[in-house]
Amino acid sequence: MASGIAERRAAAGGALAGQTVVLVGGSTGMGLETARQVRAAGGDVVLVARNADRLERAAGEVGAVGTAAFDAQDPERLESFLRELPGIVDHVLVTAGSPAYTPLDELDLAEAGHDFGNRVATMLAVARAARDVLRPGGTVLFVGGTGGRRPAPGMEVMGAVTAAMPALTANLALEIAPVRINLIAAGFVDTPLSASLLGGQLEARREELRRTLPIGRVVGPEDVGALAVHLMLNEALTGATYDIDGGQQLVPA
């Protein structure tokens, strides 16, 4: 039966034909590349991002069927947006947010608590909305990281977030079933965000990764996009964390 479904989708123009994917953080980097791959697979995309000008350019490039410009790091606003979508959607991918590396002595405790709590609240808000706006078998995808698994100065908050996200994903898979939820845990990905964080050190970091990673190259947003599309299509996958780092965790620090 599954092969018959695949054949019908292929005949209709792609594996995601007739499906709608909401991409939060979809105007650049991993979100935008996933939007490109969804469109190549025949799906429709709705893009959400904070920067309205960049969002408009991205929407024009991929032919988005809808856009919304707001700060997706506001969990209540994000949940309201999802609940107000016209009709049922198939998948939601959330890539919004950026890592914060702050030494303990420089840490603002209120800000640190807000950052950690906000990331948890975002996952809870999206999952809660997903029960009502996603079809059975559709999926919620979050993009997190792997860097926080290695203890280091300045990684306290990110390490806690990195540890919390897989546990939340596993528990939410039971709460929101038959909607699925999975976590993509990325290492270094060569995106505009990485470029802005590293500045003049970007090329040195790329060269280091080419030299040391088992795959012999830098992980790009197209790699993350391909994994995201696979997780959307494979309806046997839920509650799990999928690392995509080119073997970065295998390399001695």
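**Rings and strands**

Author: A search of the whole structure finds 1 aromatic pair. The model is predicted, so local features need pLDDT of at least 70 and side-chain atom pairs pLDDT 80 or more, while totals for chains, interfaces and linings use all residues. Residues are numbered from 1 along each chain as its sequence is written, and side-chain values use heavy atoms, without hydrogens and water.

Reader: Why is the pair of Phe-70 and Phe-81 called tilted?

Author: Rings of Phe, Tyr and Trp (its six-membered ring) pair if their centres lie within 6.5 Å; planes under 30 degrees apart count as stacked, over 60 as edge-to-face and the rest as tilted. The centres of Phe-70 and Phe-81 are 5.4 Å apart and the planes stand at 55°, so the pair is tilted. Phe-70 and Phe-81 are both buried (under 20% relative accessible area, with a 1.4 Å probe and protein chains only).

Reader: What lies over the face of Phe-70?

Author: Arg-77 does, at 4.2 Å from the ring centre. The criterion for a charge over a ring is NZ of Lys or CZ of Arg within 6 Å of the ring centre and within 35 degrees of the ring normal.

Reader: How do you know that β1 and β2 pair?

Author: Two strands pair if DSSP finds at least two bridges between them. Here 5 bridges join β1 (residues 20-24) to β2 (residues 44-49), and the two run parallel. Strands are DSSP runs (E, at least two residues), numbered from the N terminus. Thr-20 has Asp-44 in β2 as its bridge partner.

Reader: What is the strand order of the open sheet?

Author: The 7 strands are ordered β3-β2-β1-β4-β5-β6-β7, with parallel pairing. The edge strands, β3 (66-69) and β7 (241-244), each pair on one side only.

Methods
Helix = DSSP H or I, 4+ residues; strand = E, 2+ residues; numbered from the N terminus. Buried < 20%, exposed > 50% of the residue type's maximum accessible area, 1.4 Å probe, protein only.
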